[in-house]
Amino acid sequence: MVIPYNKKLLIVTLLLLIGATIVWRILEHNNDKKNIQLVLQPQVGDIYEMATENGHYTLLKVGKVAGESVLVHINEYEANKKSQISQLRDEPFRPEEILFTKQTLRVMLKEGKILNVER
């Protein structure tokens, strides 16, 4: 049986899309597992990318870890778009500390308030 060229192209395109989707899901799952692990075992200097209540984005920086308590400093600036978060890394963090528990941070991650964790 001979398959016309345009149908071959369609089949190849569909297979590539399916493959790309599978790879993307695997990478996303691995990143989620990494973030959960980093939130449950925080270290001083960890950076949390966070969505704010007003629809903006900012960074939290771990300043101290004591048992189940995690003290963080919030960045002085916010970004309008998720793609602009990386620009905040060079901006100063507020000196005030905000107290979270590891469990609260895990819930924030699960709810999508914490987007990513960098160590």
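Two strands are said to pair if DSSP finds at least two bridges between them; helices (H or I, at least four residues) and strands (E, at least two) are DSSP runs, numbered from the N terminus. The structure described here is a predicted model, in which local features need pLDDT of at least 70 and side-chain atom pairs count only at pLDDT 80 or more, while totals for chains, interfaces and linings use all residues. Residues are numbered from 1 along each chain as its sequence is written, and side-chain values use heavy atoms, with hydrogens and water left out.

The loop between strand 1 (47-51) and strand 2 (57-66) holds Thr 52. This residue is buried (under 20% relative accessible area, with exposed being over 50% and partly exposed in between; 1.4 Å probe, protein chains only), at a relative accessible area of 16%. Leaving aside residues up to four places away in sequence, Thr 52 touches Tyr 57, Thr 58 and Glu 78, where contact means heavy atoms within 4.5 Å.

Turning to helix 2, its buried residues include Lys 102, Leu 105, Met 108 and Leu 109. Gly 112, with a positive phi near 85°, follows helix 2.
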